[in-house]
Amino acid sequence: MPRVPTRRRCYLQGHEGAVLAVRLSKSGDYCVSAGYDRTVRLWNPHRETEIKVYKGHMREALDVRVFDDSSRIVSCGADKQAIIWDVSTGRPMRRFRGHTQRVNAVAINAEGTVAFTAGFDQAIRVWDLRAHNQEALQTISGFRDSVSSVQVTSNAIISGSVDGCVRIHDIRRGKVFEDSIGIPITSVSMTYDGNCVCVSALDSSVRLLDKSSGELLNMYRGITSTKYKVESIVSNSDAEILCGSEDGQIVAWDMVEGNVLQAWKGHTSVVCSLSYHPRACFMVSGSVDGYIGVWSDALE
């Protein structure tokens, strides 16, 4: 029987307004969140405690990531900037400005040396975190609408756009591969084996695409997603797909068979963001209702 983290352990409360993104650290011991209240917050979801609040964005914080060594956090927001935070002091270490409109999403490479920001201004900007200048190392254009999501692997930049296209920028070969689904995309995420891309779109569906060929491998339905950004993710076993929904539901599907394994009421409003533990059957969710849900295996 597939294991799905449906048991609610707690709700974390601290944000004054919507929780727009939530991410577990590489170790799974901590999580960070970004909110409509312009703050970034660090939590220990296992002990159900808020550790620190990071203030510096002038408008809502839209996305956040933790560096692999957990010493820094990077966030981005509607104030057109990305901020690198020192985890222990809570102070901004650097600010990156270059986008002309809000910054929707942010990603960092495994080495923690390069950041990637995706903007409403139809561009991805690449930032060298080792350099002292404030200019972007590279600007990736060619998008026909807002770039809603960005992910990074060792050799590729994977992005989703409101123009309905998934784009894979092959760093080593210097080529761009574009696959159109014809529907505005709200999020992209990678399977753990790196072979597939999980895509959420505004037609109340999640798609699984082959990363190399762009072939549609499966489509998953059972959520409501027509107006708001919701994220889909893959479990750490590469066996389940999970996604939030505008009606407060969280839905889990069998990746191969495509059938719904579990659907449960996780929040009272839109479930914007999900993040899965790297090893355990454990997950966190962020919602417009202002809470972070903490979920574990129903058998625990």
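So, Val-150: its bridge partner in strand 15 is Ser-159. Quick caveat: this is a predicted model, where local features need pLDDT of at least 70, side-chain atom pairs count only at pLDDT 80 or more, and totals for chains, interfaces and linings use all residues. Residues are numbered from 1 along each chain as its sequence is written, and side-chain values use heavy atoms, with hydrogens and water left out.

Strands here are DSSP runs of E, at least two residues, numbered from the N terminus. Two of them pair if DSSP finds at least two bridges between them. Strand 14 and strand 15, residues 156-161, have five bridges and run antiparallel.

Okay, zooming out. Those strands belong to an open sheet of four, ordered 14-15-16-17, with antiparallel pairing. Strand 14 (147-152) and strand 17 (175-180) are at the edges with a single partner strand each, so one side of each has no neighbour in the sheet.

What is the volume of the largest cavity? About 30 Å³. A cavity, by the way, is a set of points on a 1 Å grid over the protein atoms alone where a 1.4 Å probe fits but cannot get out; lining residues have an atom within 4 Å of a point. The volume is the space filled by probe spheres set on the points, which are joined across faces, edges and corners.

Who lines that largest cavity? Val-166, Ile-168, Asp-179, Val-197, Leu-209, Asp-210, Lys-211 and Gly-214 do. Strand 16 (165-170) and strand 20 (205-210) are the elements giving two or more residues to that lining.

Note on methods:
1 Å grid on protein atoms, 1.4 Å probe; cavity = no way out; pocket = protein on both sides within 12 Å on 5 of 7 lines; lining within 4 Å.
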